Amino acid sequence: MNATGKKFEAVTIKGTAGGLLCRLLDDETIAFSDLLAELSDRLAGGEKFFRKGRFTVELGNRSLFKDDFDGMLEIFNRFDISIEAVISGVQSTRSQAKLAGIPSNLPNNQNTRPALVAEGQPGKNSAGGRGGVQPFDSAEAYFIRRTVRSGQVIRHHTDVIILGDVNAGAQVIAGGSVIVWGTVRGRIDAGQNAGGEGAVICALSLRPTQLGIHNVVAMGNDDALKDPDVGPEMASLQDGTIVLDSWMPHRGRLRG
Amino acid sequence: MPGKVVTITSGKGGVGKTTTTANLGTALVLQGKKVAVIDADIGLRNLDVVLGLENRIVYDLVDVVEGRARLRQALIKDKRHPELALLPAAQTRDKNAVSPAQMADLTNQLAQEFDFVLVDSPAGIEQGFKNAIAGADLVLIVTTPEVSAVRDADRIIGLVEAAELPTPRLILNRIKPAMVRRGDMLSMDDVKDILAIELIGIVPEDEQVVVSTNRGEAVVFDNVSKAGKAYNNIARRLLGEDIPFQVLEEPVEPAKKGFWARLFGV
């Protein structure tokens with residue numbers, strides 16, 4: 001997803017224990033208004049994923065005036081995103097945050113910790129433990145080593161790999177592809193990022209209630225659910241419809 | 001060493017939590033253990049009725065928590081089995097009368113004195129459920145082989161895991177072997193496949209349970225009852241014994257051989 005030619009992305013968004021972390025590069029050669037334009041594009045690109053999210057915003061050593069700061073808040077507001085904290089090395093920026101009623105911190109060296117955004121069990125799994133997630137940046141997949149049960153929601157902004165089942169009543173929402181080494185009985189929405197048309201959903205047994213790829217949603221077929229196991233399958237988007245193929249090693253090309 | 005706090009829960013109502021608690025409690029007493037059973041279903045108390053102790057309630061769980069009675073005063077000893085004690089629920093209050101911390105404190109106190117503390121959880125995933133699992137060392141999930149009950153059990157397992165308790169164990173209740181054979185009921189394997197947790201008991205459908213429940217007696221005393229035997233087995237598994245699961249297959253009548261078949265010995 002990242003353009004590899006670029007030295008640094010001016011706007012990076014990644015998952016952390018406390019929610020999502022958005023870093024706006026403090027390179028003074030980039031105008032803040034350009035940063036905001038890119039931020040807006042990025043958020044619009046992953047709107048389904050980011051909407052109503054909780055963000056921590058890292059501003060480095062950039063000094064912000066009130067207009068700049070308000071402009072940034074306005075963009076986050078547009079996506080119903082709440083800002084949990086502002087991290088800045090500059091006093092003037094921190095006082096802007098204070099004026100807006102947002103807690104602010106000095107940057108610390110502590111690496112951002114991995115994220116598990118599983119609704120219904122706030123915070124419990126985030127510190128590693130059962131979730132066993134490794135730190136990732138925006139391009140890395142989220143690896144889950146357990147069954148996702150009814151009522152649990154897994155959200156991740158890139159690919160998701162699950163070693164276990166996704167049971168009926170559970171939901172997985174991913175920016176990229178979803179691979180389940182187990183049975184899918186619940187709902188999976190893959191490819192929710194901009195350019196997510198190429199995402200696929202693979203499972204050893206695919207008997208979902210609903211499957212979504214990008215902006216297309218398909219309902220599970222009752223007859224198919226009663227079928228004896230047809231083996232591993234892969235769902236992908238072809239000409240605007242979700243198509244199931246047998247997921248064989250020589251055909252299992254993963255795009256997206 | 002303090003006793004073990006075991007919570008019996010299910011998510012869905014009417015799958016047999018209270019019956020299981022009553023019978024498992026009695027079965028553990030038969031195994032020589034000291035057992036306290038707690039009715040955590042405040043406002044909809046039943047466990048006292050199933051145990052036949054309804055008319056002996058003076059104080060209840062909420063009285064203890066709110067300091068109107070000491071724990072000892074509220075505990076009802078079963079005269080038939082002195083090693084079994086019941087802490088009844090309040091009928092005139094609701095689930096919010098008690099907090100998870102208070103429940104954990106209560107089960108902890110009881111565990112000092114009893115080998116097992118069984119907590120009968122209310123249905124649902126709200127405050128009552130949270131209270132019931134607050135002090136648990138082990139959670140047993142009761143489900144029947146119905147899609148809706150299994151779905152709720154799955155939700156509950158997720159919540160128990162999220163509360164960082166050990167993975168719960170499963171009691172599959174009211175299974176009808178004949179229906180399973182016809183493919184009209186989820187089988188043990190179907191349920192295990194979906195829930196993916198370890199089984200601790202399979203209890204067959206048994207009319208005797210209704211009879212016993214209405215009389216306020218445990219079915220575990222009934223030597224003929226299949227359900228009674230199943231509960232006794234669960235109790236022994238809880239104590240660490242390795243007991244194979246009862247074969248639920250009803251004896252299949254040998255196919256009647258026809259005249260010609262008999263004649264030719266086919």
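Reader: Which way does H7(B) pass H9(B), in a left-handed or a right-handed crossing?
Author: The crossing is right-handed. Keep in mind that this is a predicted model.

Reader: At what angle do those helices of chain B pack?
Author: About 35°, and the axes are 10 Å apart. Helix H7 covers residues 147–162 of chain B, and helix H9 covers residues 188–195.

Reader: Which residues meet there, in H7(B) and H9(B)?
Author: From H7(B) come B:Val150, B:Ala153, B:Asp154 and B:Ile157. From H9(B) come B:Val191, B:Ile194 and B:Leu195. By class, that contact has six nonpolar residues, one charged and no polar ones.

Reader: OK, other topic. What does the side chain of B:Asp154 meet in a salt bridge?
Author: The partner is A:Arg149, with 2.9 Å from N to O. B:Asp154 is also among the H7(B) residues that meet H9(B).

Reader: How many salt bridges are there across the interface of chain A and chain B?
Author: Three, by the rule used. The side of chain A that touches chain B has six polar, five charged and one nonpolar residues.

Reader: And how many residue pairs are in polar contact across that interface?
Author: Five, with both residues at pLDDT 80 or more.

Reader: How many residues of each chain are in contact?
Author: Twelve of chain A and 15 of chain B.

Reader: What area is buried between chain A and chain B?
Author: About 1,200 Å². Carbon and sulfur atoms give 38% of that area.

Conventions
Residues numbered from 1 in each chain as written. Chains lettered and ligands numbered in written order. Predicted model: local features only at pLDDT ≥ 70, side-chain atom pairs only at ≥ 80, totals over all residues. Heavy atoms only, no water. Contact = heavy atoms within 4.5 Å. Buried area = accessible area lost by both parts, 1.4 Å probe. Salt bridge = Lys/Arg side-chain N within 4 Å of Asp/Glu carboxyl O. Polar contact = N/O pair within 3.5 Å; in protein donor to acceptor, adjacent residues only side chain to side chain. Nonpolar A, V, L, I, M, F, W, Y, C, P; charged D, E, K, R; others polar. Axes fitted to C-alpha atoms, helices over the stretch in contact; angles between N-to-C directions. Helix = DSSP H or I, 4+ residues; strand = E, 2+ residues; numbered from the N terminus. Left-handed = near helix turned anticlockwise from the far one by under 90°.
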